[in-house]
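I opened a structure that was new to me. These are my notes on what I looked up.

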Amino acid sequence: MKLKDLVREFGLEVKAGAGLLDRDVTGGYVSDLMSDVLAHAVDGNVWVTLHIHQNIVAVAAHKGLAGIILVQGRQPEKDTVAKAAEEGIPVMVSAFPAFELVGRLYKAGIRGA
């Protein structure tokens, strides 16, 4: 599945990386503890989090993640959007709470790392 499929299926709002949505999603990871993501997420995962600060972009870039989905309609900070554009990391926003979004992702075939 590609990021653009997730955007369409779940009504995600793309905040950064609109031109990078052809990336394949190899799995998913949900955590709000960045050290956990650094330790366990794998290349190509989509990361579900509620963090909105620019450090999420550094973690995603370091791990080679396909993109980041912010939950509960949380909007990324301006410097997060700028850093994501610079690093080539798609950032998307979902209105769903994390629990519901992850369930929907799983139902759509996205599995954990």
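**A loop residue and its strand neighbour**

I started with L50, which sits in the loop between β3 and α3 (55-63). Helices (H or I, at least four residues) and strands (E, at least two) are DSSP runs, numbered from the N terminus. The model is predicted: local features need pLDDT of at least 70, side-chain atom pairs count only at pLDDT 80 or more, and totals for chains, interfaces and linings use all residues. Residues are numbered from 1 along each chain as its sequence is written, and side-chain values use heavy atoms, leaving out hydrogens and water.

I listed its contacts (heavy atoms within 4.5 Å). Leaving out residues up to four places away in sequence, L50 touches D32, V71, Q72 and R74.

Next I looked at T49, in strand β3. T49 counts as buried because its relative accessible area is 1%. Its side chain makes a polar contact of 2.8 Å with that of D32. Such a contact is a pair of N or O atoms within 3.5 Å; within protein, one must be able to donate a hydrogen and the other to accept it, and residues adjacent in sequence count only if both atoms are side-chain atoms.

Last, I checked the strands. β2 (residues 27-30) and β3 (residues 45-49) pair in the parallel sense over four bridges; pairing needs at least two bridges found by DSSP. V30 stands opposite V48 in β3.

Technical notes
Buried < 20%, exposed > 50% of the residue type's maximum accessible area, 1.4 Å probe, protein only.
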